[in-house]
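Keep the structure open while you read.

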Amino acid sequence: MPTTEMINDIPLIDTHSHLDSEQFDGIRATIMEQTQRAGIEKIITIGCSWGSSQKCLYLTSVYSNVYAAVGIHPNYTSDANPDHWDRIVEMTMHPKTVALGETGLDRYWDFCPFELQQDYFDRHIRLSQKTGIPFIVHMRDCEQDILNMLIEAKQRGPLHGVMHSFTGDQATADKCLELGMYISFAGMVTFKKNDQLREVAATIPLNRILLETDSPYLSPHPLRSKRPNQPAFMVHTAECLANIKDLPLTTLAAQTVENTYRLFDRLNT
Ligand SMILES: [Zn+2]
């Protein structure tokens with residue numbers, strides 16, 4: 001990976017990786033080495049169920065630069081029982097839990113009843129508002145449903161959260177920003193066909209942008225054919241955003257790291 005080697009002294013934080021994924025089993029140590037060489041300072045590994053959240057917390061004990069988000073993904077809500085939610089709530093006490101999620105809504109995969117997804121999304125937001133721990137939102141084919149729930153929640157108090165791997169339109173981005181949310185970009189913003197998404201990205205204020213890989217899924221251009229995606233590849237997404245914003249990579253990187261520490265304030269401890 002010559003490109004990554006070249007700019008390995010630019011610190012970045014991958015705010016969204018599924019390091020617990022089976023795709024990393026057996027190669028995780030190598031992946032983590034490459035991560036370090038690529039200048040990725042910290043990684044937030046994201047839970048999708050209580051079991052995966054548990055595995056994420058375990059990984060935080062193996063790797064000092066790994067932190068966890070714990071939660072139940074909308075597409076896994078059917079598998080969750082009341083017990084599981086109680087365990088997620090308990091996991092927020094863990095010193096390396098820095099976020100809740102991923103949560104949100106998904107109308108693309110018809111895996112779980114929509115009302116059940118809404119119930120769990122609501123629980124994550126309320127838990128966030130109660131504990132001050134930020135929440136991570138997955139949004140697929142349900143922009144208005146997400147906005148409606150965020151607007152309702154905002155009436156109860158401030159929102160500390162991020163729209164992860166954002167691919168929505170300008171109006172949705174504007175509304176999310178107005179509600180106080182951060183906007184996070186993954187590999188998809190680098191895809192050649194996604195000019196429209198890059199136009200939206202150009203309008204996001206610098207102090208509200210986060211970066212992520214969403215690895216092991218969707219490697220950024222020009223590494224799209226490389227699988228699995230991994231945190232070390234994030235520099236390509238950072239470069240793409242730097243181009244969009246017409247800034248040196250170092251400036252863009254430093255700003256997104258600062259934003260990450262501001263939102264996920266438990267990362268500081
Ligand atoms: Zn994810």
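Predicted model: local features only at pLDDT ≥ 70, side-chain atom pairs only at ≥ 80, totals over all residues.

Residues are numbered from 1 along each chain as its sequence is written, and side-chain values use heavy atoms, with hydrogens and water left out.

**Exercise 1. Find the protein donors of the zinc ion and describe the site.**

Step 1: Look for donors, meaning N, O and S atoms within 2.8 Å of the metal (3.2 Å for Na, K and Ca); water is not among the atoms, so sites may look incomplete.

Step 2: Write their spacing along the chain: H-x1-H-x83-E-x111-D. Here E102 sits in strand β4 (residues 97-106) and D214 in the loop between β8 (209-211) and α9 (234-245), so this pair, 112 residues apart, links distant parts of the chain. Strands (E, at least two residues) and helices (H or I, at least four) are DSSP runs, numbered from the N terminus.

Step 3: Check the burial. Both E102 and D214 are buried (under 20% relative accessible area, with a 1.4 Å probe and protein chains only).

Step 4: Judge the angles. Among the four donor atoms they run from 87 to 177 degrees. The zinc site is irregular.

**Exercise 2. Describe the largest pocket.**

Step 1: Use the rule for a pocket: on a 1 Å grid over the protein atoms alone, an open set of points with protein on both sides within 12 Å along at least five of seven lines; lining residues have an atom within 4 Å of a point.

Step 2: Read the volume, about 940 Å³.

Step 3: Look at the lining. Of its 33 residues, H18, H73, H138, D214 and Y217 are the closest to the centre. The largest share, three residues, comes from β5.

**Exercise 3. Which residues line the largest cavity?**

Step 1: A cavity is a set of grid points where a 1.4 Å probe fits but cannot get out. The structure holds one cavity of 30 Å³ or more.

Step 2: List the lining: V137, M139, M163, H164, S165, F166 and T167.

Key:
Tetrahedral: all angles 85-135°; square planar, octahedral: opposite > 155°, others 65-115°. Buried < 20%, exposed > 50% of the residue type's maximum accessible area, 1.4 Å probe, protein only. Points joined across faces, edges and corners; volume = space filled by probe spheres on them.
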